[in-house]
Amino acid sequence: MTEVLWLGRGGQGAFTAAKLLGAAYTIDDDIKYALAFPSFGPERRGAPVRAFTKLDTKPVVDRSQTEKADYIVILDDTLYSPQLQGLLKPTGTIIVNSKNDIDGALTFDADSIAAEFRLPTANTVMFGLLVGLSGVVTSDEAVEAIRGYMPAKIQERNISALLKAVQEVAE
Amino acid sequence: MSKKFLSGNEAFAEGIRLARPQVISAYPITPQTIVVERLSEMVEDGSLSAEYVHVESEHSALSCAIGASAAGARAFTATSSQGLLYMAECLYYAAGGRFPIVMMNADRSTALPWNIYGDQRDSLSQLDSGWIQSYAENAQEALDLALMSYKIAEDKRVQTPYMANLDGFVLTHTYETVDIPARGQADKFLPPYETDNRIDFDSPKNMAFSAGPDTNCIFKYKEHKGLLAAAEVITETEKEFAEIFGRKYTGLTENYRTEDAEYIIVTLGSIAGLCRETADKLRENGVKAGVVRIRYMRPFPNKEIADVLRNVKAYAVLEKDISFGNEGTVFTNVNSALKKAGVDVKGYNFIGGLGGRNISGADIGNIYTSIANGTESVNFIGIGGGDNGK
């Protein structure tokens with residue numbers, strides 16, 4: 001099972017990204033299963049939120065919170081702390097949206113890519129970086145998930161941002 | 001049939017759309033809100049032809065559904081937690097009036113302390129209200145139960161309202177892939193509601209009447225028989241469902257690796273999957289572990305429980321509930337089933353997940369270890385024992 005932990009602040013779309021990953025993984029595939037869920041609670045703009053995506057080739061029946069993640073994706077670098085390493089599998093990776101370098105994590109300036117496509121938040125950019133780094137889903141599947149589950153008027157900008165991020169990793 | 005990545009609430013709303021209720025009365029409450037939001041969107045976009053009544057309270061939501069059902073309409077409402085408790089008076093009216101309303105309840109903690117997260121204390125406190133009570137494990141089962149619920153509730157042998165329970169957040173807000181049946185097939189499975197138990201100007205009758213000491217008990221006896229009859233109707237309905245849609249369900253309970261099991265956890269709702277996974281791991285180490293998932297708390301699976309626990313060394317009942325001053329209500333019900341069947345095996349109660357607290361795989365592993373070694377009769381996971389006399 002591949003487990004992804006998403007960290008963001010209320011309004012940054014961490015859960016949307018978690019959901020898109022689950023949808024992308026299971027699109028047109030009868031032998032792939034996913035669960036996506038937020039850290040449950042009232043939704044408050046700016047408050048730290050966690051979201052989880054679990055991916056497997058058999059039905060995912062463990063609905064408990066992820067204790068060891070393959071990837072931790074952080075949408076806001078103020079949420080990074082060294083303690084997060086404890087939530088990571090030995091082979092795991094932490095990806096942070098940041099203009100600065102962080103020890104023990106890969107950082108990308110996702111906000112700049114988001115701004116380039118007039119997006120108020122970098123969730124689909126971070127999704128694209130994860131896709132590029134991990135290959136857990138193809139960029140075609142990720143695009144299809146955006147088309148299936150995001151409002152029509154913001155689809156194209158998010159798709160462009162996602163593909164730019166995938167390309168960024170390839171370079 | 002189409003596949004979609006949906007939350008439990010959204011999946012349930014899809015099932016209700018296929019069931020074509022004519023009246024939906026709704027008052028929003030977390031974590032139920034999304035199901036009534038989706039249904040209002042479906043009514044708005046014309047994909048569901050229903051009268052959508054936005055009422056001022058949960059008491060009114062169920063009163064409105066009762067009125068609609070008394071007019072012969074298929075009615076739906078949904079609630080959670082304090083909302084369920086606020087409408088408690090009407091639960092008994094609906095059941096006693098034999099109105100086959102379907103209500104989704106998003107299982108959530110009850111105040112105080114105030115808490116919006118999932119546990120099962122709300123619905124389990126209403127076991128005596130005369131409603132059928134189902135507990136789904138995942139979003140697919142939730143959708144399928146939404147469609148099956150009306151067929152069961154409206155059956156002439158049953159005529160009893162149906163409460164479909166979904167664990168708050170863990171099920172209502174978790175996204176997974178679900179198959180949505182085709183509308184034509186759903187219509188074939190569930191025909192429109194027809195009943196004599198309705199207001200009819202051509203053939204007036206007395207409804208929702210008083211019954212004094214001489215006849216009251218007879219009505220209550222018939223109400224009891226109606227709920228009991230739901231057991232065989234559930235079996236028939238699931239058989240027909242499997243023939244049309246290809247998905248099989250197993251009646252009042254679902255057993256997992258119980259044939260030769262020495263230690264069994266009896267539980268309900270969305271935690272069952274992690275119990276099965278834990279049982280698999282223990283079996284790799286030679287522990288004969290099994291799981292029984294209760295799918296229906298009413299009618300209660302007395303025979304099924306007694307049959308499956310007859311030969312175990314010990315069992316645990318894991319529930320998100322406590323009847324203060326005694327034990328978990330599911331534990332009480334399970335023990336009664338065993339006593340009636342003359343089964344005498346060691347049983348222990350584990351209370352967990354109250355107010356949404358995470359139950360981990362390690363917690364479940366500890367339950368199997370504890371019942372093998374013996375423990376307090378009532379245990380709060382991660383806290384300690386709280387016996388009320390062994």
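Helix α10 of chain B comprises 13 residues and reaches 19 Å from its first C-alpha to its last, close to the 18 Å expected at 1.5 Å a residue; the expected span of a helix is 1.5 Å times one less than its number of residues. The model is predicted: local features need pLDDT of at least 70, side-chain atom pairs count only at pLDDT 80 or more, and totals for chains, interfaces and linings use all residues. Residues are numbered from 1 along each chain as its sequence is written, while chains are lettered from A and ligands numbered from 1 in the order in which they are written. Helices (H or I, at least four residues) and strands (E, at least two) are DSSP runs, numbered from the N terminus.

**Helix α10 of chain B**

- The buried residues of α10(B) are B:A272, B:G273, B:L274, B:C275, B:R276, B:T278, B:A279 and B:L282.
- A residue is buried if 20 or more other C-beta atoms lie within 10 Å of its own, exposed if 12 or fewer, and partly exposed in between, with C-beta atoms placed from the backbone.
- The cover over the buried residues of α10(B) includes β9 (253–256), β10 (263–268), β11 (289–294) and α13 (361–373) of chain B.
- After α10(B) comes B:G286, which has a positive phi near 90 degrees.

- Seven strands of chain B form an open sheet with mixed pairing, in the order β9-β11-β10-β13-β14-β15-β16; two strands pair if DSSP finds at least two bridges between them.
- At the edges stand β9 and β16 (384–385) of chain B, each with a single partner strand, so one side of each is left without a neighbour in the sheet.
- β10(B) runs parallel to β13 (residues 314–319) of chain B, and four bridges join the two strands; B:I264 stands opposite B:Y315 in β13(B).
- α10(B) packs on this sheet and touches β9, β10 and β11 of chain B, its direction making about 165 degrees with that of β11(B).
- Axes are lines fitted to C-alpha atoms, for helices over the stretch in contact, and angles run from 0 to 180 degrees between N-to-C directions.
- α13(B) also packs on the sheet, where it touches β10, β11, β13 and β14 (346–351) of chain B; its direction makes about 140 degrees with that of β13(B).

**A second sheet in chain B**

- Another open sheet of seven strands has the order β3-β2-β4-β5-β7-β6-β12 (chain B), again with mixed pairing.
- Its edge strands are β3 (51–54) and β12 (296–298) of chain B, each of which pairs on one side only.
- From one strand to the next, the twist averages 20 degrees.
- Strands β2 (residues 23–26) and β4 (residues 75–79) of chain B run parallel and are joined by two bridges, with B:V23 opposite B:A75 in β4(B).
- Helix α3 (residues 58–70) of chain B packs on this sheet, touching β2, β3 and β4 of chain B, and its direction makes about 165 degrees with that of β4(B).

**Domains of chain B**

- The domain assignment gives domain 1 (2–245) and domain 2 (253–385) of chain B; such bounds come from an automatic or database domain assignment.
- The centres of domain 1 and domain 2 of chain B, taken over C-alpha atoms, are separated by 27 Å.
- In chain B, 25 residues of domain 1 are in contact with 21 residues of domain 2, contact meaning that the C-beta atoms of two residues, placed from the backbone, lie within 7 Å.
- On the domain 1 side, α6 (121–124), β6 (132–135) and α9 (216–245) of chain B each supply at least two residues, and α9(B) gives the most, with five residues.
- By class, that side has 14 nonpolar, seven polar and four charged residues.
- Ala, Val, Leu, Ile, Met, Phe, Trp, Tyr, Cys and Pro count as nonpolar, Asp, Glu, Lys and Arg as charged, and the others, Gly among them, as polar.

**Contact between chains B and A**

- 20 residues of chain B are in contact with 18 residues of chain A.
- β8 (175–180) and α10 (272–284) of chain B each supply at least two residues of the side of chain B that touches chain A.
- α10(B) gives the most to that side, with four residues.
- By class, the side of chain B that touches chain A has eight nonpolar, nine polar and three charged residues.
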